[in-house]
Amino acid sequence: MPKFVSTEFHLLLERKKSKFICHLFPYADLASVKSRLVKEHPKARHFVYAYRYINEYDQIVENSSDDGEPKGTSGKPSLAVLSGLDLVNTAVITIRYFGGVKLGTGGLVRAYSDAVNGVCDTASFNVYEKLEQKIIDVEHKDLPVLLYQLKQHDILVVNKEFTQCVTLTLAATTEKFKAFDNSYNN
């Protein structure tokens, strides 16, 4: 079952005097996290990344970058860990400070894989569920009761628009909507 992170996690790993600082975070934050890490670590040699997300067509899109490391030694192993753990809507950036000792291609693959595995071991994951959206209208006087019932069925209120009535944009799984409809209409 696919999983994702909703907050950022990080881990420091050292190999032969090189430091690998690995950050795991939601894919939606990729640009801002990368920008922040580049500013926080101006002397770092490499910013290797990998990500996987589900697009609007329910397809998994994935990509990675070795950022100057030998081809296939850092980004692809990082992506392989994300894929092996069935992570979606998740990204990872590993910052490397070179310690003066070459690790070789096998050493780099192990170091980057271990860094991503390590940060994943410390992270908490949420189970990914495909959410549907529905829009409903409700009278102002009925809103408090409806909001209570929506919360009881674990249905998210994405937006509220107040006009002559209240228009709610809701998000939940198909199963949660069915359970809500059955209880609400009875």
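Analyst: The side chains of Lys 141 and Asp 142 form a salt bridge, 3.3 Å from N to O. A salt bridge here is a side-chain nitrogen of Lys or Arg within 4 Å of a carboxyl oxygen of Asp or Glu. Lys 141 is exposed, at 67% relative accessible area, and Asp 142 is partly exposed, at 32%. Buried means under 20% relative accessible area, exposed over 50%, and partly exposed in between, computed with a 1.4 Å probe on protein chains only.

This is a predicted model, in which local features need pLDDT of at least 70 and side-chain atom pairs count only at pLDDT 80 or more, while totals for chains, interfaces and linings use all residues. Residues are numbered from 1 along each chain as its sequence is written, and side-chain values use heavy atoms, with hydrogens and water left out.

The structure has six salt bridges. One of them joins Arg 15 to Asp 114, with the closest N and O atoms 2.8 Å apart. Helices (H or I, at least four residues) and strands (E, at least two) are DSSP runs, numbered from the N terminus. Both ends of this pair are partly exposed: Arg 15 has 28% relative accessibility, and Asp 114 has 31%.

Another salt bridge is formed by Glu 62 and Arg 52, where the closest N and O atoms are also 2.8 Å apart. Glu 62 belongs to strand E5 and Arg 52 to strand E4, ten residues apart. Here the two ends fall into separate classes: Glu 62 is partly exposed at 38% relative accessibility, whereas Arg 52 is buried at 6%.

E4 (residues 46–54) and E5 (residues 60–65) run antiparallel and are linked by six bridges; two strands pair if DSSP finds at least two bridges between them. Tyr 53 has Val 61 of E5 as its bridge partner. Five residues lie between the strands of this hairpin, and Asp 58 takes a positive phi near 60 degrees.

Salt bridges also link three residues into a network: Glu 8, Arg 36 and Glu 40.
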